[in-house]
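Let's take a friendly walk through this structure, one piece at a time. Keep the 3D view open as you read.

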Amino acid sequence: MISEVTQDRMATSSIVIVGLGMVGLSFIEKILEYDTAKKYTITAICEEPFVAYNRVGLTQYFSHRSAEQLLMKPEQWYHDNNITCLMHQMATKINSDMKVIESISTQDADSPTAVVTTTPYDICIVATGSSALLPPLKAVPGLDLPGVYTAKHAAVIGGGLLGLEAAKATSDLGLRTTIYERNSQVLARQLDSEGAAMVLNEIEKLGIQHNLGNPPVAFMSDSTKDGSQYVAKAKLQDGSVVDHDMVVFAIGISPRDKIARASGIDCHSRGGILVNDLLETNVKDIYAIGEVACHHDQIYGLVAPGYDMAEVVARNLTRDVHSKGLGKARQPRLFKSADMSTKLKLLGVHVASFGDYFANSKDIRELLYRDPFGAVYKKYIFTKDGKHLLGGMMVGDTKDYGKLLGMSKSKRSLQIPPGELILGVPAGQGQGATDLPDDTQICSCNNVTKGQIRDAVRSKGCSSIGEVKTCTKAGLGCGGCVPQVGEIFESELKSMGKVIKQNLCSHFEYSRVELYQIVQVKKLKTFAQVMDGAGRSGRALGCEVCKPAVASILASLYNDHVLDHSPLQDTNDRFLANIQRGGTYSVVPRVPGGEITPEKLFAIAEVAKEFGLYTKITGGQRIDLFGAKREDLPAIWERLINAGLESGHAYGKALRTVKSCVGSTWCRYGLQDSVGFAIFIENRYKGIRAPHKLKGGVSGCVRECAEARGKDFGIIATEKGYNLFVCGNGGAQPKHAVLLASDVSEANCIKYLDRFLMLYIVTADKLTRTSKWLEKLEGGIEYLKKVILEDYLGICDDLEKQMTYLIATYQCEWKVVVDDPARRQQFRQFINTDDTQEGIEFISERGQRRPADWPKENVQLPPSPESPKMDPFDTQVRKEWICVGKTNDFSKDSGRTIKYGDVQIAVFHLSNGSWHATQNMCPHKQAMVLSQGLLGDSITESGISKSQPYVSCPMHKKNFGLQDGKCLTPGDEDKYKIQTFDVKVDEEGRVFLLLPPTKTLDDILATDKVIIHAKDMQDKFEWQSSVEFVLPSSPCATVACGQKELEW
């Protein structure tokens, strides 16, 4: 029986894509972009119940169990772009004479009476991809054993890219895992033996076993209680037998070309649809792309070549209609070959290979770098004269991948000695992103080239990094390419004759340095005054970027209490404590120089015990107390202050610690009293706000036990006094401090420090550490010496006066709060009740309390089985106005939390007088924190608002619209959304929310249901340890194609 799908073909031509995977979707996106004349209608035939999902991220599914998180585009996107998706349909034949595609329902695939649906086409794109390859049954007996069981020990066959990913997935499920590889090394397609050995060493650290050169040759069963037989053992090549009750094959792919063979389309004897350089098959108007296409006897098992194929076909089909042009002769695009370069993170190890990474000729030279301690290996291959980079491989450190890939693809000679590619390039002398050719891949996660980024700026008018990221998807993966994206963006603007300004954000056309001077000269003292006096629009709300920056400037100039500008502060400064997982806070009293009395230690211990806080010694020689509830912070600090302790400012961009060794007080090598000097310095600069955090150190001799040269300022004792070092830091990119002055007295050391710190505060950009500030300072350390030591600019008196003012106006921020009942009220959890709720469940570990684990990927808890059938947010559900407080309960330009039933709701009173309400839970990590987020908006250069007001989550800076609840963060728009509620204020100043009944709302958003529970996570892991694994009833293919590219 045949039914027909009719389409309007009067004014358009129809494209039908067989297969809706990653490559199929890429083709659709390209057609939508290039078909400016709307020449084509698009239909996709998909066997699966889901639209295109990220198959590369399939192993991550086990960490969140959410199919929606894997979708590359939501279902609504296809509807919005008029894409017809025929789901659950298996295409069986292409009738090229009638130009129709026959398909049947996947549910009727084995039925002889299945209804055949025909879909007419003008252009057919076959993108059916590939299936996992299995060895033939006669080669490996036992492959046909049933595969449904409770697994304990997994065997992963294949040590390639996908094999290692599969091993990680089974290991994450709690299964004992062994990797088997027939070769003598893993990653034989990407690395040499030395690089592979380093990867293997890292794999062993994860508890994953391996067996190289000795793969299984047969599987054996074991009878169960019910008489069934399941795989239980594996016989290896050396004859030994090992226990395995789960087997995963990752040995390559088999092209899914069955429909082509049934339709008379030429296929390769070893699999794959034969195509030419235009990706055309031997049948007119039928193309093949992706892993099903066999081009010049080669099948590509990577997604990037599939994207390139999609680009070629889409460009050629729209060659006569799209507005971009294809060069003078408008010649068709050709697919000649694919770049097999890859950059991945496997089992936590960064691995990359690029260019001709296995080049083997007498005309080449290799450059090697080995760091067994840091697990870094690099091998770069050059022409014999060293003028051209041919390819290479990297393990552990792949940050230069994009640059090196571009160099290897470029035909230009290297402008630097080869050794500098490993040893480093002198500042300002190396090739940057702007020197790379346009076809250089900048973003490997989303296959974005430099040319696409340039085009986004030139042709599409992107005027910010955020717009470039949204338009091209560059930087929306791992984020490692963002610096290169920024460099290309700025270079392109400059070449277009546009002035590049380091503006603070869209609300100000000034940098932080320029804004500092404006605020100082005009004596502006509030955010409203700054917005009126220097902003693009006095009506704008500001944002999560400019508000903290302005707060820092005001603190550096006037040293007001930070809570006087509470709406400008990030949650750490707003509540004078660092926010931690689950929305709890840490408490860090100041311990100047690391010296503390037993009485103060007793006080800290008593507080930790009474409030159930987790205690840990920090790297800065003080004690960190974790797990404090926000509402308990004033009581905790009252106890600590009464014991003589004060705020350690661990929450602020301010001086943290001045670390010291015991110096001459105790050490037999000590030359000066490093402890006493460190205490003096820390007490002198405590509380002073800066563009970024500050750390110091004082060592009593050159043995440097205080690690002073890894600090923003470091002081090392000499026999004549002290050597003063500046602009160092530890962390992810450590940098040694450089010598500013030698053999100086304590008095001169303090004088130079006053000047240095104040100059940094005045002239550094926002969130810039001293080391980066010095790198950007024209003239470097020699210029800094002239300014600080010789008063080259004649400003040292002013710098010293401002520092003296900041020191004189110091106040312990927590003592002010403790002594002020009104300020203490700001720390209440709810404004309409004294009830409290936990934001995450705690577990016991090593005798202390800590929050339950977050999953490794985004939290996506399943819906409650008690959820009602009726949607509480449906317009038909009965709602009523509920009074939740008075207007004076809600400070302007900030949010507060109310409790309704068991649900937390955030209520926001914006600076423009408007009111909004949302759920308090941020869906990203299920944390009850949105009411603590900064409020903002985005405006154009003319000061006109171009976005709805939003709240920025204090945990990870996800922005959510206050009007519709949509996530506004680029790349996350389709991942998250929050519920909003209507708000009104009556004439008596009472605030009302329009809410459904408590029971109805509790069933969806009750705190106890949505927060992370230890039981939930434990149950999840127990459940994951019992895996249902079903082997196919027959092998997918009988022979391998023999191409190395098949291993993904």
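In this predicted model, L515, I518, V519 and K522 of helix α14 meet V530, G533 and A534 of helix α15. How are the two helices arranged, by angle and by distance between their axes? Helix α14 (residues 512-522) and helix α15 (residues 527-534) pack at an angle of about 105°, and their axes are 11 Å apart. Angles of 65 to 115 degrees count as roughly perpendicular, so α14 is roughly perpendicular to α15.

Now look for a sheet. Three strands form an open one in the order β39-β50-β49, and the pairing is antiparallel. From one strand to the next, the twist averages 30°. β49 and β50 pair through three bridges, and K984 stands opposite F992 in β50.

| Strand | Residues |
|---|---|
| β39, edge strand | 880-886 |
| β49, edge strand | 983-985 |
| β50 | 990-995 |

Finally, turn to the nonpolar cores. The largest has 91 residues, and F27, I125, I289 and L317 have the most contacts inside it. Helix α8 (residues 303-317) gives this core its largest share, eight residues. Which residues does I125 touch, leaving aside those up to four places away in sequence? Its partners are I15, V16, I17, V18, F27, Y287, I289, V313 and L317. Another core lies apart from the largest one and has 67 residues, among them I681, L753, L777 and I939.

Conventions:
Residues numbered from 1 in each chain as written. Predicted model: local features only at pLDDT ≥ 70, side-chain atom pairs only at ≥ 80, totals over all residues. Heavy atoms only, no water. Axes fitted to C-alpha atoms, helices over the stretch in contact; angles between N-to-C directions. Helix = DSSP H or I, 4+ residues; strand = E, 2+ residues; numbered from the N terminus. Parallel < 35°, antiparallel > 145°, perpendicular 65-115°, else oblique. Contact = heavy atoms within 4.5 Å. Pairing = 2+ DSSP bridges. Core = buried A, V, L, I, M, F, W, Y, C linked by side-chain atoms within 4.5 Å. Buried < 20%, exposed > 50% of the residue type's maximum accessible area, 1.4 Å probe, protein only.
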